[in-house]
Amino acid sequence: MAPTIDGKPILTQKNIVDILTELDIKRGDTVLVHSSLKSLGYVIGGAEAVINAIIDRVGEKGTIIMPTQTIEMSDPSTWLYPPVAPEFWDIIRKALLPYNKDTTPVSKGIGVIPETFRKFNGVIRTSHPLYSFAIWGELARYLNTQELDYGLGKHSPLGKLYLKNNNAKIVLIGTDFESNTSIHLAEHYLNRKTIIQSSYVLKNLKKSRVIFKDIPLDIYDDFLEFQRYFESKNEINNFATEPIYVFNNESDGRTVAKTEVTTAQIDSRNTFEINDNGSLESLDFEHYPGMKVSSDIFPVINQKGLNEKEILYWVVAVQDAIFASKGVDPRLNVTYDVNIHLENNLVYADVLKIDYSANPNGGAAIANKTKINEFRVNADGKLEMIDSADSSRYTIISQTFMDSSMVK
């Protein structure tokens, strides 16, 4: 049986180097890396070990690029995930800190590996307040120019990689195409309308507002369709949910998926897709990496006409805030699933904590679920949380869609 800690396979820096070798990452390669540390198992050395492994593979003549985006520094009037009421826009604008490429952390969803990488010795970070990149290696200085206008377009590091035609490789470590930033470059070739964005930067040690041009970017829209197209053209059948590791009875118990990109998505945000019948599917953690039908219906409530996926994000935003209020980092210290169902015309959401244990018969690790919380959207469209002392009572915890600031 493969060695595990808390039910998670143990990975060393050498293991990761071997995985990258299997994926045909070579000396001198230019790699655009998207990653999820939690999906890898228990990595000895954490994010630093992953970064060192990538550096080891590409060598001093190679180049590593990681997105270090800070989209939450955009003007609050453009926020969608979550949206914010207009009466709060000025409050947020005054409170926003200016972007500082040396100190501003990456957005929460970008991950701990890019956050660690941006502080690595020899890494350069671009100066765009929303769409920055951290770059190490041979092409770092060439790629370290990024115009404010159209920050992911032709004059961005993405555009330079494409126009230079240097056969850069996209490496998805524990993620899928929803994290594939390069697709945003393609969106700039679609003649989309120009929109105006703004943010804040540090100029002469003072907070200064900058205004620039951009295009509307798709978030979680059709990126997985690109993935399926990629699979069909490259005859890759196990790309979508093939984990970095699978248990077996051979040697050290680890088998590496030999695909162009290897992905796994096990985190608080799950993975979703619409099947051929139009039903919403999510990961089946008890039969990972299989998918299960989460809902054949999309309940509509009176607040912004939310569908099931939007309700899920609302619940996750509030649950993450609850974890954070208790000193638990939902990105690193807990894995959970959300089961959404309809009862008596009300939407309920059960929060299930997931612990993994080794499978005595081999195969995927066993997911053990424990219900730790319950929410529901009441008839007025407000999010309620069950009373821990009285399961028959619910308390309103958020009155505005995805407003986690009201968590008590």
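This is a predicted model: local features need pLDDT of at least 70, side-chain atom pairs count only at pLDDT 80 or more; totals for chains, interfaces and linings use all residues.
Two elements are said to be in contact here when heavy atoms lie within 4.5 Å, and it is in this sense that helix H2 (residues 46-58) lies across S3, S5, strand S7 (133-137) and S8. The direction of H2 makes about 145° with that of S5.

## Overall make-up

The protein chain contains nine helices and 18 strands. Of its 408 residues, 52% are buried. Among the contacts in the chain with a separation of 6 or more, 58% are made by residues 24 or more positions apart.

## The mixed sheet and its helices

Five strands make up an open sheet in the order S6-S7-S5-S3-S8, and the pairing within this sheet is mixed. Strand S6 (124-125) and strand S8 (169-173) are the edge strands, each of them pairing on one side only. Within the sheet, strand S3 (residues 30-35) and strand S5 (residues 63-67) run parallel and are joined by three bridges; Thr30 has Thr63 in S5 as its bridge partner. In general, the strands of a sheet pair through backbone hydrogen bonds, in either the parallel or the antiparallel sense.

On the H1 side the contact is made by Gln13, Ile16, Val17, Leu20 and Thr21, which meet Ala49, Val50, Asn52, Ala53, Ile54, Asp56 and Arg57 in H2. Sorted by class, the residues in this contact are seven nonpolar, three polar and two charged.

Several residues of H1 are buried, namely Asn15, Ile16, Val17, Ile19 and Leu20.

A second open sheet of five strands has the order S14-S15-S16-S17-S18, and its pairing is antiparallel. Strand S14 (336-343) and S18 stand at the edges with a single partner strand each, so one side of each has no neighbour in the sheet. From one strand to the next, the twist averages 35°.

Strand S14 pairs with strand S15 (residues 346-357) in the antiparallel sense over eight bridges, and Val338 stands opposite Val351 in S15. Helix H9 (residues 308-325) packs on this sheet, where it touches S14, S15, strand S16 (366-377), S17 and S18, and its direction makes about 130° with that of S14. Strand S17 (residues 383-387) and strand S18 (residues 390-398) are likewise paired in the antiparallel sense, over five bridges, with Ser398 in S18 as the bridge partner of Leu383. A hairpin of two residues joins S17 to S18.

| Strand pair | Sense | Bridges | A facing pair |
|---|---|---|---|
| S3 and S5 | parallel | three | Thr30 and Thr63 |
| S14 and S15 | antiparallel | eight | Val338 and Val351 |
| S17 and S18 | antiparallel | five | Leu383 and Ser398 |

## Individual residues

Positive phi values occur at several places in the chain. Asp24, which follows H1, has a positive phi near 65°. Tyr150, although not a glycine, has a positive phi of about 50°; Tyr150 is found in the loop between helix H5 (140-143) and helix H6 (157-164), and with a relative accessible area of 28% it is partly exposed. Asn204, also a residue other than glycine, has a positive phi near 55° and is found in the loop between strand S9 (195-203) and strand S10 (206-214). Asn204 counts as exposed, because its relative accessibility is 74% and the cut-off for exposed residues is over 50%.

Lys206 is found in strand S10 and, at 61% relative accessibility, counts as exposed. Lys206 and Pro98 are 108 residues apart in sequence, while their C-alpha atoms are 8.4 Å apart in space.

Note on methods: Residues are numbered from 1 along each chain as its sequence is written. Side-chain values use heavy atoms; hydrogens and water are left out. Two strands pair if DSSP finds at least two bridges between them. Helices (H or I, at least four residues) and strands (E, at least two) are DSSP runs, numbered from the N terminus. Axes are lines fitted to C-alpha atoms, for helices over the stretch in contact, and angles run from 0 to 180 degrees between N-to-C directions. Ala, Val, Leu, Ile, Met, Phe, Trp, Tyr, Cys and Pro count as nonpolar, Asp, Glu, Lys and Arg as charged, and the others, Gly among them, as polar. Buried means under 20% relative accessible area, exposed over 50%, partly exposed in between (1.4 Å probe, protein chains only).
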